[in-house]
Amino acid sequence: MAFDDFRIVRDNLRGKQRSTTGRQVPFCLFIEPELARVGLNEVDAKRQGVAYRLTELSISAILRTRTTGETRGKLKALIGEDDRILGFTAFGPRAGELLPPIQIAMRTGLSYHAIEELVVAHPTYAEGLVSLFSNIKPLRPDMS
């Protein structure tokens with residue numbers, strides 16, 4: 001946060017009009033395994049009355065974790081009615097490294113499909129994001 005605050009002050013001194021209002025604030029706790037989060041979690045969404053779908057994936061489902069022996073943890077994401085990512089939590093190895101692609105999608109308003117459809121190097125931890133977003137049930141059943 002301090003580095004982002006610096007960039008905002010620096011830019012404002014250079015004549016730009018930047019603010020801290022509305023910025024994403026990622027969180028990462030460097031325990032073993034790591035805990036990382038950005039956006040809403042289930043408690044926040046319920047408290048604010050925000051409708052969401054939840055998707056979860058065990059870290060052990062990511063092949064890379066099995067090759068390293070670090071299989072403890074879980075990925076979770078909240079998806080809004082418009083298919084945008086509302087929040088993401090990762091508890092597992094390299095959890096903090098999974099935040100940036102989620103943050104980019106959230107900041108630019110991309111739907112979760114943008115990550116679900118990525119071709120990701122194999123085997124990597126980020127490959128788990130594709131699996132996580134492939135598990136989301138449609139908002140409404142297909143009426144075909």
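1. The side chains of Asp-5 and Arg-23 are joined by a polar contact of 2.8 Å (N or O atoms within 3.5 Å; within protein, one able to donate a hydrogen and the other to accept it, and residues adjacent in sequence counting only if both atoms are side-chain atoms). Beyond residues up to four places away in sequence, Asp-5 touches Thr-20 and Arg-23 (heavy atoms within 4.5 Å).

2. This is a predicted model, with local features needing pLDDT of at least 70 and side-chain atom pairs pLDDT 80 or more, while totals for chains, interfaces and linings use all residues. Residues are numbered from 1 along each chain as its sequence is written, and side-chain values use heavy atoms, without hydrogens and water.

3. Asp-5 belongs to helix α1 (helices are DSSP runs of H or I, at least four residues; strands are runs of E, at least two; both numbered from the N terminus). Asp-5 has a relative accessible area of 32%, so it counts as partly exposed (buried is under 20%, exposed over 50%, partly exposed in between; 1.4 Å probe, protein chains only).

4. Thr-55, in strand β3 (residues 53–58), is buried because its relative accessible area is 2%. The Thr-55 side chain reaches the backbone oxygen of Leu-132 at 2.8 Å. Apart from neighbours within four places in sequence, Thr-55 is in contact with Leu-75, Lys-76, Ala-77, Leu-132, Asn-135 and Ile-136.
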